[in-house]
Amino acid sequence: MNDRTDARQEAGQRIRTLLGPDGEHCRSALSRDAERSRSPKLHNPVADSPAPNAHTEEELAALIGLLTVPRPRIRSVAVGHGRDAESRVAAQAFIGAWQALHRDVLAVVDWPEDAASWLRPARRLTAQGPDAWVLAGAPLGVAQLARRLRQSTDWDPARTFGLASLGTPRLVELAGADTVHGLRGAFADGGTWAMHRCWTTHYEPLNVTSE
C-alpha cells in the first residue's frame, strides 16, 4: 500500500479496491490487445457501455478538488465529452466552475461513440498542450478515444481526470490496463477513484469515517 493510501486511511477515509475483470491476467492480456491493434475501434466489446448518469454538485466539487491539489499547479485544461446529454451538461458545468477559478480551458471537444479512428478529436484535445485533460462520457466511447490518444499523441493518462461514469474496471477492460494507468476522477457522492494497472481504487468522501 502506498504512502498516499496510508495517509488517507489515517485521515479516516474508507478505501475499496477492485481488481480488473480479468484478474491477474489483465495486465498482460489487455495491454497486448491495446498495443497490437492499429485501430482503436473495439469490434467485439463484451457488453454494452451504460450511458452516464447526470452529474452531481458533489461530483463536480470533488473533480475540481483533484485538479487543484497537484503541484506544479494545473492552470489549463482541455475538456472532452461524449455527445449524450448528460456528458455534455457535465462538461459545461465543469467548464463554468473551472473558469470561475480564473483558469483556462484551451479546447472543448466532443466525439461519437462509433467512429472510424477518433483521430480528429484526439488531435484537437492535445493540440494546445494543456496541463491536464478532463473527460466525460460512457466507458466504450472514452476507451476507444483513449486508445487513439495513446497511439497517436503525447497524451498522458496520469494527467487526465474523469467523471463518475469512468470510475469502473469496465474502462480498464475496454481500453487496456496500460492505456488508462494513472487516470483519476470523481464519484457522484463526492468520493474519488484512481486507476493503477489492473486496479481501480475507490476513495470514499473524506467526511465518511469507518465505523
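Guide: Helices here are DSSP runs of H or I with at least four residues, and strands are runs of E with at least two, numbered from the N terminus.
Visitor: How many helices and strands are in the chain?
Guide: The chain has 7 helices and 8 strands. This is a predicted model, where local features need pLDDT of at least 70, side-chain atom pairs count only at pLDDT 80 or more, and totals for chains, interfaces and linings use all residues. Residues are numbered from 1 along each chain as its sequence is written, and side-chain values use heavy atoms, with hydrogens and water left out.
Visitor: Which residues of α4 are buried?
Guide: Buried means under 20% relative accessible area, exposed over 50%, partly exposed in between (1.4 Å probe, protein chains only). In α4 the buried residues are S87, A90, A91, F94, I95 and W98. They cover an arc of only 140 degrees around the axis, so they sit on the same side of α4; the arc is that of the directions from the helix axis to the C-beta atoms.
Visitor: And what is on the face turned away?
Guide: That face of α4 carries the exposed residues A85 and A100.
Visitor: What covers the buried residues of α4?
Guide: The cover includes α3 (57-68), β2 (76-82), β3 (104-111) and β4 (132-136), with contact meaning heavy atoms within 4.5 Å.
Visitor: What comes just after α4?
Guide: H102, which takes a positive phi of about 65 degrees.
Visitor: Now the chain. How much of it counts as buried?
Guide: 48% of its 211 residues. Among contacts between residues at least 6 apart in sequence, 74% join residues at least 24 apart.
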